[in-house]
Structures are given as structure tokens and as C-alpha cells.
Amino acid sequence: MRLSQGGLIDRAKPLRFSFDGKGYQGFAGDTLASALLANDVRLVGRSFKYHRPRGILTADSNEPNALMTIRRAVDEPNVRATTQELYEGLEARSQNAWPALGFDLLGMNDLLAPFLGAGFYYKTFMWPKSFWERVYEPFIRRAAGLGALSKAPDRGRYDKAFAHCDLLVIGGGPAGLMAALVAGRAGADVILADEDTRLGGRLLAEREEIDGGPALDWVEEATAELRALPNVRLMTRTTVTGAYDGGTYGALERVSQHLASPAGHAPIETFWRIVARRAILAAGAHERPIAFPNNDRPGVMLASAVRAYVNRWGVAPGKRVAVFGQGADAERTARDLRAAGVELAEVITDRVTGTNGRLGLEEILVPDGDGARGINCDCLAVAGGWNPAVHLTCHMGARPVWRDDLAAFVPAEGAVPGLTPAGACAGAFSTAACLSGGARVAGAILEDLGLSAPKPDLPEAEDGGYTITPIWHVEGKGRAWLDFQNDVTVKDVKQSATEGFRSVEHMKRYTTQGMATDQGKNSNVAALAVLADATGRTIPETGTTTFRPPYTPINIAALGAGALDKGFAPERHLTSHAASVARGAPMIEAGLWYRPSYFPAPGEQTWREACDREVTMVRQAVGVADVSTLGKIDIQGPDAGKFLDFVYTNTFSTLKEGRVRYGLMLREDGHVMDDGTTARLGAQQYLMTTTTAAAGQVMAHLDWVRQALMPGADVQIASVTEHWAQFAVAGPKAGAVLASVLDDWAPGDWPFMSCGAVSVSGVAGRLFRISFSGEQGYEIAVPARFGESLFRLLVAQAEALGGGPYGMEALNVLRIEKGFITHAEIHGRVTAFDIGMGRMVSAKKDCVGKTMSERPGLSGPEREQMVGLKPAGSVKQLTGGAHLFEAGARATAANSQGYVTSVGFSPTLGCFLGQGFLRNGRARHGETVRMVDHVRGVEAMCEVCDPVFYDPEGGRMRG
Amino acid sequence: MRLPCPICGERDVREFTYKGHAVALDRPAPNAGDAAWEDYVHLRENPAGETRELWYHGGGCGAWIVVRRNTVTHEVLGAELASEVAE
Amino acid sequence: MAKLIAKSPGAGLLPVRVGSLSLTEEAHDAITCVAPFQGQEKPVSAALKDAIGAALPGVGRVTGKAGARVAWLGLGQVLVLGPPVAPPGAAVTDQSDGWACLTLEGPGSRAVLARLTPLDLRENLFKRGHAARSLLGHMTCLFLRTGVERYEMLVFRSMAATAVHELTHAMQSVAAQRSGA
Ligand SMILES: [Zn+2]
């Protein structure tokens with residue numbers, strides 16, 4: 001029921017909303033929970049296991065019961081009504097009830113409760129095994145569970161972002177505000193994050209005075225002062241969810257969920273990584289419920305929540321309210337109810353032994369002589385004492401420590417380096433203690449940071465002591481709930497102890513206590529107390545409770561923000577990209593690069609037709625391919641030659657200027673890392689080419705060798721991959737194409753493996769006479785700005801001579817025909833010996849990997865050596881990844897003699913060709929082996945060959 | 001996690017890649033023998049406590065650095081350039 | 001003979017304007033990477049000073065003025081953004097076409113970058129005339145602060161489309177949140 005006055009709501013701004021299809025009205029400033037209570041909606045959900053009717057328990061993010069599905073672009077389940085701000089047109093649905101909230105057929109689970117207690121799943125759904133998939137699991141999934149996912153892809157926008165500060169203040173209550181004021185005034189970079197919509201913390205929910213005026217006035221002033229400080233950043237609606245190494249904190253900002261019509265491109269949520277030199281945890285404390293019989297009836301509510309609804313939202317959570325608890329909290333609640341004009345039934349300081357009511361509280365029972373007497377009320381405010389919000393201090397492994405005087409856990413000293421608790425989360429519960437604690441901790445941190453802070457004038461505030469004789473649990477007839485969401489009762493915890501699960505970790509898993517979405521915030525300590533009692537130990541002897549990130553649930557989409565599409569992996573585009581796409585070439589990924597697969601010609605139906613044509617075109621006329629993806633590393637300096645001699649197995653210091661040499665690089669463990677050609681451009685300048693796949697790895701490796709293994713060498717390394725657009729021009733007519741684009745150029749001046757500067761239609765470029773196709777081949781490079789233009793020009797010239805562009809498929813077939821290798825072959829487990837290049841490891845000098853490559857076992861007949869493969873039976877197909885067996889052997893893992901690494905159909909030779917590794921393969925040329933591809937179900941007999949199928953003398957390449 | 005690059009200052013760990021223990025700086029002579037090479041390439045301590053490890057600031061200045069770190073507390077104790085350690 | 005046509009990395013991608021934020025392409029005469037050989041820092045610095053009026057910058061700094069600047073690039077390397085240079089005593093590589101040079105300008109620029117880089121860009125730490133090498137999303141990037149709300153970013157040319165896409169996305173997000181606030 002809405003009170004006639006009071007509350008931080010704007011009564012001039014009514015908002016319509018609906019719950020389970022029925023329309024209601026609330027005000028701006030309401031949460032969904034306060035608006036529902038204002039409309040006397042008390043039944044808001046059904047419990048997880050027994051489908052018990054449940055009402056709103058809290059007024060914050062700890063809420064275990066009031067989880068709802070909110071209609072959005074994609075419906076969002078499990079939204080806590082207590083933190084969902086109301087907006088015009090909000091549509092909420094209850095969860096976990098079928099067919100309706102008021103009449104839930106699965107509520108019969110409640111009647112089965114004697115059979116559904118602790119360990120029920122473990123005991124019941126044990127056998128037979130086949131029942132799991134067909135019977136048990138579907139049953140559990142339907143019966144239990146929270147809100148359902150919509151199963152629609154979430155196209156909503158989520159951001160991730162980084163922030164840095166000197167001091168992160170977590171929580172904007174009196175301690176946090178005071179800390180931020182002290183640090184902000186001293187000039188520190190401060191971020192103050194609070195999960196609520198506005199700053200103030202508990203002060204928003206209490207009737208208190210600060211400096212003789214309403215506490216809210218002080219909150220307003222403090223907020224205004226902080227807002228005016230340029231070095232202070234206020235982040236409301238932002239929950240700090242985790243504490244990590246190095247002063248890094250995760251924080252979830254809810255950007256749009258509170259808006260009826262979010263701004264166009266604004267994200268739904270932003271997940272922040274905040275890096276703070278220091279942090280203050282001012283997260284406050286959470287009031288805890290008391291376990292008494294039937295304490296889960298809608299209307300039973302935390303006393304702090306009752307005060308919040310009355311004071312902050314102007315809502316009476318009941319017409320007649322009783323209070324259960326001791327000391328200041330009970331008194332304060334009674335006082336606020338009276339002040340708001342709500343009828344106070346009675347304050348019970350001893351015991352409540354039961355409740356009655358259908359779908360909501362109608363009566364509570366209290367002891368009366370030997371029997372019980374009923375008290376008429378529809379709301380019971382329960383004040384069970386406070387638990388400091390120690391959660392973030394546990395995130396790096398520390399466990400909180402028990403304080404007997406508070407009957408609660410407080411953070412361990414130095415639990416998270418750089419994070420200091422202050423205020424209620426450090427066990428200082430009064431407002432005055434929070435203010436002074438916040439100021440004191442901030443002052444100490446400022447001093448540490450080398451900033452001077454004037455001693456602040458502390459405002460005067462309530463300074464009542466906190467005394468507690470905790471009531472964990474009241475005996476009586478009926479179940480007493482600990483974990484409301486997971487339906488864990490006192491009896492379950494006791495049973496767990498009886499059955500031998502006496503460790504708190506075992507009890508948790510046996511009963512599911514603390515494993516719901518509130519992660520035990522409402523129940524862990526009480527459950528521990530019950531377990532301690534049941535096992536005859538004290539609470540500290542029984543164990544501690546601990547918490548892992550996140551503090552509150554986070555949408556996976558928020559954690560994965562920024563990692564979709566291009567954000568997941570950048571796309572690297574060739575300068576010829578648009579020209580290739582315009583020709584209809586499908587672009588395929590090669591690392592981060594996109595390369596043309598093939599260039600379809602009119603009438604071609606399959607990629608194979610295009611590929612065969614392109615291969616033949618290169619062999620008979622000329623082809624043009626963009627090879628700019630290969631890594632190009634410029635190496636200069638007096639020691640450049642020496643450096644290359646050390647990273648390559650073969651020698652480069654002897655290479656003549658204007659010449660190119662093929663090189664092989666090993667890892668220090670003796671296996672092949674990469675291969676490629678390196679050109680000597682000048683006396684002290686080389687240009688190394690790496691494979692596309694290993695470009696990044698090789699660059700890091702070269703940096704490693706230079707800095708760590710040859711720190712004295714005078715050599716400089718720079719990647720120039722991006723500066724040059726480079727094109728292969730290959731085929732018998734390659735010279736003619738080049739002659740048409742190069743100024744004053746004659747092929748006769750450019751022998752095989754030469755390189756040098758050229759003028760490309762007036763542009764300074766480079767030319768390399770190298771070949772990856774086995775034909776007369778060149779690679780021509782120009783600054784990338786001219787890349788697209790040169791590609792178009794080369795293709796046009798080639799087409800005029802019966803040639804054209806070729807893609808990755810043809811490039812692959814051409815190199816297989818020639819026995820050239822790629823990373824399909826040098827896959828990390830092969831040695832120079834295996835690929836037939838053992839003699840390239842120079843005996844005259846040391847190099848990376850040389851010593852280890854000489855180990856026994858890395859060469860010899862027992863090695864799987866690279867071979868060529870050709871179909872030799874009725875099946876004419878070869879497949880990559882297939883294994884090789886002796887002709888008569890069974891195709892088992894134990895009999896495997898090797899495997900196929902690359903295959904392609906050779907239009908030149910009219911059959912499939914393959915490359916692979918076969919035990920002692922080089923000595924077995926001519927032998928027939930059996931290829932079995934268990935995955936694709938292909939089996940073929942193959943002839944073992946030399947890997948060079950085409951033009952083994954190399955006449956065409958050199959010619 | 002944050003690492004203090006001696007060139008760039010403290011940076012987010014995502015800018016770095018990990019190589020392993022700093023023993024990789026002590027490359028044996030080619031003729032040091034099998035045991036020394038086996039040790040160098042394959043054998044690593046797994047200390048509970050302080051360790052020295054190599055990181056590459058590939059997302060930054062390109063320096064290889066030696067980071068002193070405590071594997072138990074996760075405390076980062078300092079960093080030096082690998083080139084200076086190696087010299 | 002045919003004439004080759006030049007195309008900039010940002011052709012067809014830039015400029016992008018979102019609210020009062022803009023992303024534009026920066027043109028430099030040349031981009032030259034200069035890496036002094038051992039013990040050659042002083043003569044190289046003097047040669048640069050002679051040639052373009054800007055000396056070798058320290059780590060994380062930029063020297064010179066618009067049209068002729070030298071920006072720290074990484075361990076032992078700088079980029080000369082200006083006329084082509086070839087100081088003796090250094091490894092010199094022409095990288096004029098290797099980088100996409102993007103300028104982000106306008107109120108909220110820092111908030112835009114905060115969505116893409118872990119770099120600490122706070123006003124008092126990353127000042128005008130500062131340079132830093134870090135990540136823009138997953139892309140390595142050289143960041144230069146060239147004004148109060150003005151940042152230049154050099155990313156690999158091949159990644160220009162991704163960089164523009166990611167920056168545009170962040171610009172839209174920030175603009176929407178600023179207008180909503
Ligand atoms: Zn660095």
C-alpha cells in the first residue's frame with residue numbers, strides 16, 4: 001500500500017507497468033518491487049524445488065525470491081525486482097510457476113517434501129544409468145530451474161571499457177561518501193562506484209540525522225560536492241563484481257535496463273575493468289533473516305527492507321506489521337512504522353514459532369505459556385543481525401574471520417592487496433563509525449600515495465552501539481528455511497551432519513545451501529551456525545564461508561562484450577581485397593588475413609573447375625597472385641649477417657648482394673619453426689620473408705634472439721609487411737607481363753634467385769626472382785598505396801596473354817606438384833631431417849636448435865619422413881589427415897606408419913597428389929601403402945613417391 | 001594482472017605473452033653436453049614462491065623482460081629488460 | 001605506359017562523424033622508421049634535428065611540430081612523421097604505406113578509447129606530446145595525444161577497416177550515452 005506521503009519518489013510522474021499481464025501504476029523512483037508492494041502484490045514467485053509461494057524478502061541485490069522475467073528486445077530472465085527500476089510500460093512475468101503463480105501444479109512437490117530433502121538427487125537419480133538422459137534429467141529440468149532463456153540470439157549491444165584511478169571507492173553509503181570526499185578534496189583521482197541508482201547507501205532507507213539535519217540533506221550536499229570535483233568520477237548503477245590481481249576490479253554498469261526507450265546506440269550494460277592503485281571497500285552490511293517454522297511465507301521480510309520500503313519508497317509492505325528481533329534494529333523499525341502511520345502489531349524479541357496464511361502471511365505464532373498464541377499481521381519484519389559485506393575481500397583466496405562480539409564474519413587483514421575495508425563491511429555499524437572509518441581509511445591511503453589530506457571535519461551522526469545475541473534458528477513444528485531460493489531448511493543441514501557431511505564444503509554440496517543466485521548472502525552464516533550446533537562445534541571451528549566473483553550475477557554477453565566479429569579477431573585485408581571480391585572470389589581466412597580462394601569464371605559450377613583452370617593457366621601462360629600476407633622483416637646493421645646465421649640453419653653472411661636464398665629456421669628444441677626466402681638488399685641490409693602463418697611468431701623470436709641471446713649484436717629489426725604490396729607473377733609468360741609494367745626491364749638481367757630495385761610504371765619497387773609454383777616466377781613489390789592499382793594492371797596484362805589471377809586453391813596445388821612445403825607439413829613436430837633438409841643445418845656454425853636437432857631419435861630410419869603420394873588403386877581420391885598403413889596391415893592406431901598432410905587434384909598430372917609423412921619414407925619410394933581416413937570413410941591404395949612430382953630438375957623455374 | 005615494463009611502465013597483462021622461466025637466458029654452449037641442453041630446453045622448476053619469468057611486450061614496445069613474481073601471493077616484485085640481464 | 005593510382009588506407013572508410021566526435025585520416029609526407037645502431041643515438045638525433053628540426057624523442061614522447069614530428073615507436077625505434085629522412089648511423093625503413101593514421105577528435109574522445117584500449121589515458125598522465133604503444137582492441141597501435149580531445153592512432157594498414165569499425169562502434173556508444181546523460 002502506498003503511503004500518502006514520504007519517500008524518494010516523484011509522485012508527479014506516475015508510471016504504468018504490468019506483472020503477469022495485469023496492469024499497475026507506480027512512480028518514478030520506484031523499483032519494480034516497491035511498486036508491486038505499493039499495489040499490494042505480495043506473491044511474486046515460486047521456490048526452486050518445492051514451488052512454495054514466495055514474496056519479496058529484501059530491498060536490494062541480495063533478493064532470493066523476487067526474480068522475474070522482464071520483457072526486452074530479448075526477454076531477460078532472473079531479474080531481481082528489488083533492483084529493477086520502474087519505467088513506463090515495463091512488463092514483468094513471474095517464473096518457475098506452472099500454469100500460474102497463484103495455482104502452481106508443481107506445488108505438489110511441496111507435498112513430496114519428505115522425499116525431496118537434502119541429497120535427494122544423489123540418492124534417487126542414481127540408477128539405472130540409462131534413466132538419466134530419458135527420465136531424470138527432463139524431469140529435473142522442468143520441475144526445477146529459474147527463468148527460462150528466450151533462446152533468441154541477443155543482438156543487444158554490450159560494451160567493455162577500461163578505467164584507471166588512484167582510489168576506487170566501492171559503495172556510496174556514509175563510509176564511501178566520506179572516503180571519496182576526503183580523497184577527492186586532496187586531489188586524488190577517485191572513482192566512486194555504487195550499485196544503487198543514487199548515492200547514500202543505507203541513509204536512503206533510514207530516518208537519521210547528520211549534523212542536526214536530515215541525513216538525506218547531507219547525502220545531497222556530499223553528492224553535489226563530489227560531482228563538482230573534476231578528479232572524481234561517480235559511477236552509479238555500477239556493481240563492483242570482482243577483485244583481481246594487481247589492483248584490477250571488474251564492475252558491471254547497467255546502462256539501459258532502467259529506460260523505457262534506451263538511447264539508440266547506448267549499450268545495455270558496460271563491463272568495466274577498473275585499475276586502481278588503492279581501493280576502499282565500503283560495501284556495507286546485509287541484514288540476515290532468522291530461521292523459524294514457515295518463515296518463507298510472503299509477507300515475511302527483513303526489517304531493513306521494511307524500513308527501506310516505508311522510508312525510501314513511501315510504501316507500507318503490510319497493513320498490520322509485526323517486528324521480530326532485538327535491540328536497536330527492532331526499535332528503529334517499530335519507530336519508523338509508527339512515524340509513517342502504519343499499524344504496528346507487536347514487537348517480538350523472544351521467538352516466533354510459526355506462521356499461517358494462504359499465499360501470504362495472515363498470522364504469526366508466538367509462545368504463550370505451554371502453547372502458542374496467534375498475532376494477526378500481514379507483514380513480519382525480521383531483524384536477525386548484520387553480516388558485513390566481506391565478499392570482495394574473499395576473491396583472492398583469503399577467508400574472513402569470525403568476530404564473536406558481532407556474531408559475524410569480518411574481512412581478514414590484507415585479504416586483497418591494496419583493498420581496505422571501511423565502515424559497516426569492516427564491522428563498524430553506526431553511521432558515525434562509518435563516517436569516521438571512511439575518512440580515516442582514505443586519509444591513510446592518501447598519505448601512502450604521497451598526497452596530503454587536511455583532517456576532515458567529521459559530521460555528527462548517530463553513534464549507537466551494536467549488541468547482538470544472535471537467534472539463528474527457532475525450534476518448532478514445520479520447516480524453517482535457510483536458503484529461500486534453493487529450498488534448504490534447518491532440517492536439511494542437520495540431516496547433512498547426521499549423514500556425515502560435517503565439513504561446510506560437503507554440507508553445501510549435499511544440500512545445495514548457498515548455491516542459488518544470491519550465493520548464500522542471506523543464508524550462509526545461519527547455515528554454518530546450524531551446522532556448528534548440529535556437530536557440537538563453535539562457528540569458527542566449523543569453518544568459514546567464502547565467496548568467489550562475481551558479487552552479483554553478470555550476463556555472459558556483458559563479460560564477452562567487444563568480442564564479437566571484428567572485435568573477436570581483427571580482419572586483415574589485402575590491398576587487392578576489393579578487386580578480388582569484385583571478381584567474385586570467395587575470401588577465406590588465413591590467420592587474420594582474408595585471401596581469395598579462387599576466381600570463378602563464367603560457367604564454372606564448382607571451385608574445382610576454377611582451381612584446375614587456374615593451375616593450368618599458370619603452367620601454360622601466366623598467373624597473378626597477391627602474396628602480401630607473407631611476413632617481411634627488414635634486418636640491418638653491421639651484425640645482420642651474423643644474426644641471420646644464428647637464426648637460420650644455413651648461412652646468409654655469404655649471400656651476395658642482389659641475391660635471394662631459401663632459409664630454414666629451427667626452434668631451440670631442434671624442430672622446424674618456419675621457412676622462407678631472405679634477400680640481401682645491401683651490404684648490411686637483408687629482407688627476410690616468413691610464412692603467413694608464422695609471421696608474428698618469427699618476429700617475436702627474432703626479438704628474443706636479438707635481445708636475449710645476442711644482446712651485443714649491432715642489428716636492428718623492423719617489420720615492413722604492411723608497407724609493401726607484393727604479387728607473384730608466375731608462368732612461362734611472366735617475363736612478358738613484367739616487361740609491360742616495369743620501366744627499362746629485360747628478363748635476361750634477372751636470373752633465378754636474384755633481387756633488386758625496379759621502377760614500376762614510375763614507382764620505386766622491388767623485384768624478386770623466386771617461385772613457389774615451379775614456373776618462371778617473380779614477386780614484384782610496390783608501396784601498398786599502389787597495391788590495388790598494380791594488381792589490376794598485372795591481371796589485365798596477364799589476361800591479355802591468356803593468363804589471369806589465381807587463388808589459394810590453385811597456389812596450393814601448384815606447390816604440391818612441386819613438393820614445396822607449408823605449415824601443414826612443418827606443423828611443429830618435424831625436423832629438418834624429416835622434410836629432407838637435414839643437410840641445410842650447417843656444420844660450420846652454431847644456430848638456434850642445432851644442438852638439439854642432433855639428438856638421437858630426431859633423425860634416422862625410424863622417423864616419419866616426408867614423401868609424395870599418388871593413388872595406385874581403384875580409389876583415386878586422397879584426403880588430408882588420413883593415416884598410412886602397410887598394404888596388408890589392419891588400419892589400427894598401433895599399425896599407423898604415417899599420415900597425409902596435404903592433398904590436391906593435379907590437372908597437370910591428371911590425378912590426386914599428396915604429401916605426407918611415412919616411417920623411413922625416403923627409402924620406400926615405389927612401395928604401395930594403404931591410406932585410411934577413418935573420419936571421412938575413405939580408403940585408397942597409394943604409391944610412395946618423391947615429393948617433387950613436376951619438373952624435378954627445375955628447368956622451368958630457372959629457365 | 002599488471003606487469004611493470006621497464007620501458008613502458010605498468011601495463012595490463014593482455015599486452016604481454018609468456019615464454020617461461022628466465023633460465024631460457026642461460027643458453028649453454030653447443031658442446032655443453034646432453035644434460036645441460038636437456039635442462040635448458042625441457043626441465044623447469046615449479047616453485048611455490050618467488051620466480052623469474054620471461055614475458056614479451058608484443059602489444060607494447062617489443063621488449064623481452066624478466067619479471068620477478070611470487071607464484072603463491074601473485075605479487076609482482078619487479079622487472080628488468082632481458083637484454084640487460086643477458087649482457 | 002599505365003600509371004599506378006595511389007590509394008590511402010582510409011579510402012572509402014573515412015571520415016566518420018558521430019555527434020560531435022570525428023574520426024579522420026591523417027596524411028603524412030612520409031613515415032620513416034629510424035632505429036639508431038649501437039652508440040649512434042646522438043649523431044642520429046643531431047642529423048634529424050638538422051634535417052627536420054626535431055630531435056630523437058625519449059621513451060613515450062614526440063618531438064617536433066605538425067608536419068615534421070618524431071614519435072617514439074618502441075624499443076630503440078622512432079617514427080618520423082614528415083619529410084623522408086635517412087640519417088646515417090641508423091637502420092632506416094620506409095613505412096609510409098604501412099600504417100593507417102587515424103585522428104579521433106571531439107568531446108568524449110577519451111571515453112571512446114577507454115572502450116578499446118587498456119592504456120591509462122588519464123589527462124595528467126598521457127599528455128599532449130606523449131606517445132604510447134598499446135592495443136586498440138586486439139590490434140597493436142601507436143597512440144599519440146595531439147590535443148585536449150584529440151588523439152592520433154597508427155594501426156597496421158591491413159587492419160584499417162577493423163579499426164574504423166571498432167572506433168565507430170565506440171563513438172556511437174559514447175555519443176548515445178552522453179546525449180542520454
Ligand atoms: Zn614495454
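1. In this predicted model, A:Val624 lies opposite A:Val729 of β39(A). The residue also has a counterpart in another strand, standing opposite A:Pro805 in β43(A). Residue A:Val624 itself belongs to strand β33 of chain A, which spans residues 623-626.

2. With β39(A), residues 724-730, the pairing is antiparallel and extends over 4 bridges. With β43(A), residues 804-805, the pairing is parallel and extends over 2 bridges.

3. The side chains of a regular strand alternate between the two faces of the sheet. In β33(A), A:Val624 and A:Asp626 point one way, whereas A:Gly623 and A:Ala625 point the other way. All four of these residues are buried, the charged A:Asp626 included.

4. Turning to the interface of chains C and A, 48 residues of chain C are in contact with 60 residues of chain A. About 4,300 Å² is buried between the two chains, and carbon and sulfur atoms give 54% of that area. On the side of chain C, the leading contribution to the area buried against chain A comes from C:Leu4, C:Asp97 and C:Ser158, which supply 16%, more than any other three residues.

5. The rule finds 5 salt bridges across it. One of the salt bridges joins C:Lys7 to A:Glu788, with the closest N and O atoms 2.5 Å apart.

6. Which elements of chain C each supply at least two residues of the side that touches chain A? They are β3 (30-36), β7 (90-94) and α3 (160-180). The largest share comes from α3(C), with 10 residues. By residue class, the side of chain C that touches chain A divides into 22 nonpolar, 17 polar and 9 charged residues.

7. Along the principal axes, the C-alpha atoms of chain B fill a box of roughly 40 × 30 × 20 Å.

8. Two further values characterise chain B. Of its 87 residues, 46% count as buried. Among contacts in chain B with a separation of 6 or more, 43% are between residues 24 or more positions apart.

Methods. Residues numbered from 1 in each chain as written. Chains lettered and ligands numbered in written order. Predicted model: local features only at pLDDT ≥ 70, side-chain atom pairs only at ≥ 80, totals over all residues. Heavy atoms only, no water. Contact = heavy atoms within 4.5 Å. Buried area = accessible area lost by both parts, 1.4 Å probe. Salt bridge = Lys/Arg side-chain N within 4 Å of Asp/Glu carboxyl O. Buried < 20%, exposed > 50% of the residue type's maximum accessible area, 1.4 Å probe, protein only. Pairing = 2+ DSSP bridges.
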